[in-house]
Amino acid sequence: MPSDRALQDDVIRALADAPYRGSADWRRRELADPDRVERYARFLARHFYYERIVHFFKYSRALARVTGRAPEAILKGPAFDALLPTLVLGSRETAAAVGRLVTAYVAAGRMPIPYLADLLRYEEAMMVVEAGARVWRDADEAEGAGSPKGVPAGPRERYRPETVAGTVLLELAYDLPAVLPKLLQPWTEVPQALERPTRLLVARSPHGRVAVARSDASVAAVIERADGRRTLEELAAGAGLQVAELRQTLQGLVDLGAVRFSTGS
Amino acid sequence: MTQLMVGAFYNPHLGADLARSDGIDHLAMADPPAASDPWWPAIRGRYTLLLHDYLGQLSEPLDERSIQRARALAELYRSPWVAEHFQCLHTEDGSYNLNYVFPPLYTEEFLDRFVRNACALKARLDQPLVMENIPGFFDVKASQMPEPIWLRRFFEATGAGFLLDLPHVWLQAHYHHMPAERWLDEFPLEHVMELHVAGVADDADLAGPWIAPAEPSDEMLAFAAHAVSRCPRARAITFDAFSPTLTADVLFRSVERIRGAI
């Protein structure tokens, strides 16, 4: 006999996970009116992605008066309705699918903006990175070797940096960070971005906070090589850094949520 | 009954209007102020502020980080009470999250969980805790008692205050084909400290009404007046609308009409 908490989790999953809602496993439990559950799940899906689109695509939203394309408009279109039977609220796959709908819609706007493609990639990356299971409450006990809180000071052999799943490195043609704040301020002419190769790191903390930082070749090398198996020394050699430099870089990456430490036993 | 404060939610995009306005006694804070909000100092200086953020779901104990956050926000706002919801919206392992208020099963096990965790939170706050009722669009067969009974037992066991959301009661009544006043009578109104009033609008997915950032109808205002007369300990009534689509006209007119109705 499942606990009431487990039953509640089952109801939450049914509302969040459309394939599960359609499964025999869920239907045979007959916990609630299936028509009502379906309608409420669709309402929740639109609400869930409205909140995320308005937040993560806020710069495209600010441009809507010249593009004629408000990103959240896709939620009322047939393409989003077609996704509904497959949606799993909060999953990376669903975030990517919804993000693709938004970018395709906004990119077809009536006014060409040179950096719009970069902007949409950036906003889509933010939305996808934010997705995935998160820590809702901290454990009562210390988190041990897998702690994301800092570069461990213990024996180096034991701890091996690992890039957190979902972390993204973006290579952009325009210097977006310089133009983003201007888009949210009052403007009459569309703010322009400098054409300059720009590398950004987008990562998420275990609690779901998304952070962005400018990146360089050494950071990119660390992110690409940190697989949870290489030691600090091996990683430093591969990234062309001294171990002391690497520790400093890693501290910044841990703070962003891009890297964690696993026990390399 | 003491004089009721009549207020609204702080909507940062209406900061300039709210910083200058008369006729609003308090503002409920759904989010912390943004560092870039130019109106925040004036708002904080001018209004009684009510903490109404997401602190956590009390089906589980709040962790220390969440408790410290609640304490810090209550102090920042100088909030006379701290509000949370009767909600259980993410799974225990964090895999699934509805990102929208969703009620718990009304069972003995959940009652025990909420009582225990609310008492633990209360003990760590310097202000009273008030808890808001949450509507369900469908019934779950595993529930063991009606919502009002469950709430009554919760308030009696914890001594927490009741934040009575009237549109939530109205919606529950609507979807159960029951007169709203009759459904309201079932609730433990003697524990009410604050009331929420808002509009409802038809939703295409639900094929019926749901909460919306809209003006309350005359029917909802009459319902509010009826409810206020039954809540002897109520201290505030709040126009419950928090949305980037909310306009200043709707906010100010709603507060004025609520004041007129009660």
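Mentor: Start with the burial. Domain 1 of chain A and domain 2 of chain A bury about 2100 Å² between them. Carbon and sulfur atoms give 72% of that area. Keep in mind that this is a predicted model.

Now place the two partners. In chain A, domain 1 covers 1-132 and domain 2 covers 140-265. Their C-alpha centres lie 27 Å apart. To the contact, domain 1 of chain A brings 22 residues, and domain 2 of chain A brings 26 residues.

Look next at three residues of domain 1. A:Tyr115, A:Tyr122 and A:Val129 supply 31% of the area that domain 1 of chain A buries against domain 2 of chain A.

Turn to the polar side of the interface. Between domain 1 of chain A and domain 2 of chain A, nine residue pairs are in polar contact, with both residues at pLDDT 80 or more.

Which elements build the side of domain 1 of chain A that touches domain 2 of chain A? Those giving two or more residues are α5 (58-62), α6 (64-67) and α9 (116-130) of chain A. The largest share comes from α9(A), with eight residues.

Finally, sort that side of domain 1 of chain A by residue type. There are 15 nonpolar residues, six charged and one polar. So much for the make-up of this face.

Note on methods. Residues are numbered from 1 along each chain as its sequence is written. Chains are lettered from A and ligands numbered from 1 in the order in which they are written. This is a predicted model: local features need pLDDT of at least 70, side-chain atom pairs count only at pLDDT 80 or more; totals for chains, interfaces and linings use all residues. Side-chain values use heavy atoms; hydrogens and water are left out. Domain bounds come from an automatic or database domain assignment. Contact means heavy atoms within 4.5 Å. Buried area is the accessible area (1.4 Å probe) that two parts lose on being put together, summed over both. A polar contact is a pair of N or O atoms within 3.5 Å; within protein, one must be able to donate a hydrogen and the other to accept it, and residues adjacent in sequence count only if both atoms are side-chain atoms. Helices (H or I, at least four residues) and strands (E, at least two) are DSSP runs, numbered from the N terminus. Ala, Val, Leu, Ile, Met, Phe, Trp, Tyr, Cys and Pro count as nonpolar, Asp, Glu, Lys and Arg as charged, and the others, Gly among them, as polar.
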